[in-house]
Amino acid sequence: MKLKLLSLIFSFFLLFTTAWSSNALEKLQSLSSSALLAEDPQGGILYSKNADQLLIPASTVKVLTALIALEHWGKDFRFSTDFYFDVPRKTLWIKAYGDPYLISEEIDLIVEKIKQVEITEINEIGVDSSYFQKTIAIDGQGDSLNPYDAPVSALAANFNTVNVRIYEDSISSSELQTPLTPIAEELARGLSVGTHRINLGETELGPRYFAQILKAKLNRQGILTDSTYLSGNIPKDAQQLFRHMNSHT
């Protein structure tokens, strides 16, 4: 792992110094609060600036996270989400496994699959989030409204964020593919006029927000439902409808 990471850093360093031109390195050298350490696979130092200075790593952590994900799952891995139906109660159940890319367009694909299994009436939408523990604390996570401080939940729509447009006398979704849900409307109250992308703030709102988007999209596709929201474990006698594999690797 260390050797591969060093090689990756070396590759990024070469990209930085060649493809981005020497001007980029000169700009980095002129910044007093910057730091960079680039090593070759043998541990030799290629470039060093403030190597021992403590800084917030921010998005550079994504490089290591991506490397670990590729080594663990491989480049063709797809996250899955299971859908069940409790026939007597007419409850659509969702078993979530932490798919990080359940965006609005992906929910459209899920709605199409629900139509294909000919579910015409839904009284409740239930979510089983037991795959994740209830509270997940992440080092460095703050309590701001910024998208990067979004809560972590087993089921999350649009990265547990809402994108809203605030007018003087009304609120709308800023995305054509995303309906304005009650949760989004509530979170938008008090924001200044303009466009805002903010996070949900609370972990338990993630599954509820997903259910609200799904409900709105089901109604748009003719599967009329005024369903209520449930949270809990899937009943043993519920029938599995399908497993949705995300269209993105």
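1. How many cavities of 30 Å³ or more does the structure hold? In this predicted model, the structure holds one such cavity. The largest cavity has a volume of about 30 Å³. Its lining consists of V162, N163, V164, S173, T178, P179, L180, A184 and Y209. Strand β6 gives the most to this lining, with three residues. Sorted by class, the lining of the largest cavity holds six nonpolar and three polar residues, and no charged ones.

2. The largest pocket contains about 1,600 Å³ of space. Its lining is made up of 41 residues, and those that lie nearest the centre of the pocket are K62, T65, P100, I138 and V152. The lining of the largest pocket comprises 23 nonpolar, twelve polar and six charged residues.

3. In soluble globular proteins, nonpolar side chains tend to be buried together. The largest nonpolar core of this model has 35 residues, and I114, F210 and L214 have the most contacts inside it. Seven elements each supply at least two residues of this core: β3 (80-86), β4 (91-95), α4 (104-116), β5 (124-128), β6 (161-166), α5 (182-188) and α6 (205-220). The largest share, seven residues, comes from α6.

4. Helix α6 has 16 residues and reaches 23 Å from its first C-alpha to its last, which is close to the 22 Å expected at 1.5 Å a residue. The buried residues of α6 are L205, G206, P207, Y209, F210, A211, Q212, I213, L214, K217 and L218. The elements that cover these buried residues include β4, α4, β5, β6, α5 and β9 (228-231). Just after α6, G222 takes a positive phi of about 90 degrees.

5. Which residues does L214 contact, leaving aside its neighbours within four places in sequence? With those neighbours set aside, L214 is in contact with L92, I94, I107, I110, V111, I114 and I125. L214 is also one of the residues with the most contacts inside the largest nonpolar core.

6. Not counting residues up to four places away in sequence, S104 touches N158, Q177, T178 and K217. S104 and T178 are 74 residues apart along the chain, yet their C-alpha atoms are separated by 5.8 Å. T178 also belongs to the lining of the largest cavity, while K217 is one of the buried residues of α6.

7. Leaving aside neighbours within four places in sequence, D86 is in contact with T91, W93, P235 and A238. D86 and Q239 are 153 residues apart in sequence, but 6.4 Å apart in space, C-alpha to C-alpha.

8. Helix α3 (residues 61-73) has 13 residues and reaches 18 Å from its first C-alpha to its last, close to the 18 Å expected at 1.5 Å a residue. G74 follows α3 and has a positive phi, near 90 degrees.

Technical notes: Residues numbered from 1 in each chain as written. Predicted model: local features only at pLDDT ≥ 70, side-chain atom pairs only at ≥ 80, totals over all residues. Heavy atoms only, no water. 1 Å grid on protein atoms, 1.4 Å probe; cavity = no way out; pocket = protein on both sides within 12 Å on 5 of 7 lines; lining within 4 Å. Points joined across faces, edges and corners; volume = space filled by probe spheres on them. Nonpolar A, V, L, I, M, F, W, Y, C, P; charged D, E, K, R; others polar. Core = buried A, V, L, I, M, F, W, Y, C linked by side-chain atoms within 4.5 Å. Buried < 20%, exposed > 50% of the residue type's maximum accessible area, 1.4 Å probe, protein only. Helix = DSSP H or I, 4+ residues; strand = E, 2+ residues; numbered from the N terminus. Contact = heavy atoms within 4.5 Å. Expected span 1.5 Å × (residues − 1).
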